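Please open the structure in your viewer and keep a selection tool at hand. The stops below each say what to select and what is to be found there.

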Amino acid sequence: MKKPVLFAVSLLMLASLSAQAQVVRVRGTITSLDGDVLSVKSREGKEMKIQLAPDAQVVTTKKVKASEFKPGSYVGVTSVNGADGRLVAKRVHALGPQVPQMHGAWDSIPGSMMTNSNITAITKMGKGSELTLKNKDGEQKILVDSKTEYYNFVPGTRADLKRGETIFTGARVDGDKFMTQRVAVSKGGVKPPQ
């Protein structure tokens with residue numbers, strides 16, 4: 001009786017891991033948009049074609065002030081270890097409720113971490129502040145300073161997907177195709193922070 005249950009649990013875990021492995025983060029520069037196919041040269045130099053869902057959401061990136069973020073804000077924080085080993089935020093950006101909570105390794109900046117959480121407190125510390133973030137993975141305390149950048153997103157259209165602009169998307173791998181529901185694109189020289 002125990003073996004079939006363990007086998008079923010193992011299959012579910014493998015299916016879950018397989019589903020997670022099928023989403024890739026794509027960062028790159030747009031080379032063209034042809035109908036629903038967005039062509040991108042990835043930051044690694046690879047030519048990619050990304051199929052946009054018919055209802056794919058396009059958002060543009062804008063820099064904002066720290067004051068836009070308060071306790072209760074749902075944010076993504078890209079951080080690195082400071083000299084004393086504490087996490088220091090490089091970028092803080094707004095998140096939509098559909099983005100899953102997490103705290104783990106990230107690849108936008110070498111050696112960085114990403115924390116997707118609600119801000120529960122902002123405490124003044126010296127010339128900066130400390131963000132307290134809580135999510136399913138626990139509580140994180142991350143320092144912000146004068147070098148921390150803050151971003152928000154504005155609804156865009158496919159007209160914003162212009163040659164030469166920079167994008168970030170989480171694309172689902174379907175065979176040899178990449179498909180996406182949402183693309184963040186640069187505007188006015190402000191690149192997606194993810």
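**Before selecting anything.** This is a predicted model, in which local features need pLDDT of at least 70 and side-chain atom pairs count only at pLDDT 80 or more, while totals for chains, interfaces and linings use all residues. Residues are numbered from 1 along each chain as its sequence is written, and side-chain values use heavy atoms, with hydrogens and water left out.

**The whole chain.** Colour the chain by pLDDT, the predictor's confidence in each residue, from 0 to 100; its mean is 89, and 89% of the residues reach 70 or more. Shown as a cartoon, the chain has one helix and twelve strands, taken as DSSP runs numbered from the N terminus (helices H or I, at least four residues; strands E, at least two). Of the 194 residues, 39% count as buried, where buried means under 20% relative accessible area, exposed over 50% and partly exposed in between (1.4 Å probe, protein chains only).

**Residues 1-21.** Select residues 1-21, where pLDDT stays under 50 and the model has zero contacts beyond four places in sequence, a contact being heavy atoms within 4.5 Å. Where pLDDT is low, the predicted coordinates should not be read in detail.

**The largest nonpolar core.** A nonpolar core is a set of buried Ala, Val, Leu, Ile, Met, Phe, Trp, Tyr and Cys residues joined through side-chain atoms within 4.5 Å. Next select Leu38, Ile50, Leu161 and Ile167, which touch the most other members among the 16 residues of the largest such core. Strand 1 (23-34), strand 2, strand 3 (47-64), strand 11 (166-174) and strand 12 (177-185) each supply at least two of its residues, and strand 3 gives the most, with six. Centre on isoleucine 50, whose contacts, leaving aside neighbours within four places in sequence, include Val26, Leu38, Ile167 and Phe178.

A distance drawn from its C-alpha atom to that of alanine 89, 61 residues apart along the chain, comes to 9.8 Å.

**Serine 42.** Finally, select serine 42 in strand 2 (residues 37-42), which counts as buried because its relative accessibility is 6%. Not counting residues up to four places away in sequence, serine 42 touches Arg27, Gly28 and Met48.
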